Amino acid sequence: MNRVRLYHATLASLAILAYLTGEVFPAHAWLGYGVAFVIAARLAWVIGGERQFGLTRFYPDFSGLKLKGAATHPAISRTLMLGIALTLVTATGTGIAMDRGRSLPSMSSDLVVAPANAEKQTETIRARNHDDDDDEGEDDEGPLSEVHELSANLLLLFVGLHVTYLILFKRPLAKFMLFLPRGEKPKPPTT
C-alpha cells in the first residue's frame, strides 16, 4: 500500500502544481509532462499485474446500492476516481497536444541544458513557440485550449468532491493516504 500512497502523493502534487502554474512557461508544461510520466508508470504497473494498480478500481459497480448506506458504497468513491482519471488524462493529453514537444529541450547544440545557459534555453524555447504559433495559425485560445482548461477545472471539482467525500465518510482512509497517523482505537477498561 505504500506504493499506492507514494503514487497518489506524486500524482496529486504534480497535478496541483501544474494547475497553479497554468500561466508560467515552461514550468506548467514540464509539470504536465511529469503527470504524463506518472500516468504511464501507472499503466505499466497495470500491465505488470500489480493488484493495487488495476484499472478495475476505477469502474463503479452500482450493484447492491441501496438508499440505506448509499453514502459509503464503493461506487461513489469509484465514480469520483473515474471522474478524476478522465479529466486528468484529458487535461494532460490536450496539454501535450498543444505543446507538441516545444517546451522540451531539443537535442541540438544550442539547447543543451546547463546552468550557465539555462536562461538562453528558455528564451530559445519561447522564440520557437512564438514562431510555431505563427506557422500553425492557431493560438492559445483555440478549441483544444478550451478543452484543456475545462478539463483542468473539472478536475479541480472532482478532486474537491473526492477529498470532501473521504473526509466525511472514509476519514481513516483519508488519513492513511495523506501519511497521517490513523489514531489508536481506545482500549476497553480492564476490571
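Biologist: What should I know about the model before we start?
Modeller: The model is predicted, with local features needing pLDDT of at least 70, side-chain atom pairs counting only at pLDDT 80 or more, and totals for chains, interfaces and linings using all residues. Residues are numbered from 1 along each chain as its sequence is written, and side-chain values use heavy atoms, leaving out hydrogens and water.

Biologist: How many aromatic pairs does a search of the whole structure find?
Modeller: The search finds 2 aromatic pairs, where rings of Phe, Tyr and Trp (its six-membered ring) pair if their centres lie within 6.5 Å, and planes under 30 degrees apart count as stacked, over 60 as edge-to-face and the rest as tilted.

Biologist: Why is the pair of tyrosine 7 and tryptophan 45 called edge-to-face?
Modeller: The ring centres of tyrosine 7 and tryptophan 45 are 6.3 Å apart and the planes stand at 75°, so the pair is edge-to-face.

Biologist: Why is tyrosine 7 counted as buried?
Modeller: Buried means under 20% relative accessible area, exposed over 50% and partly exposed in between (1.4 Å probe, protein chains only), so tyrosine 7, at 12%, counts as buried. Tryptophan 45, at 30%, therefore counts as partly exposed.

Biologist: What makes the pair of tyrosine 165 and phenylalanine 169 tilted?
Modeller: Their ring centres are 5.4 Å apart and their planes are at 45°, so this pair is tilted. Tyrosine 165 is buried, because its relative accessible area is 6%, whereas phenylalanine 169, at 41%, counts as partly exposed.
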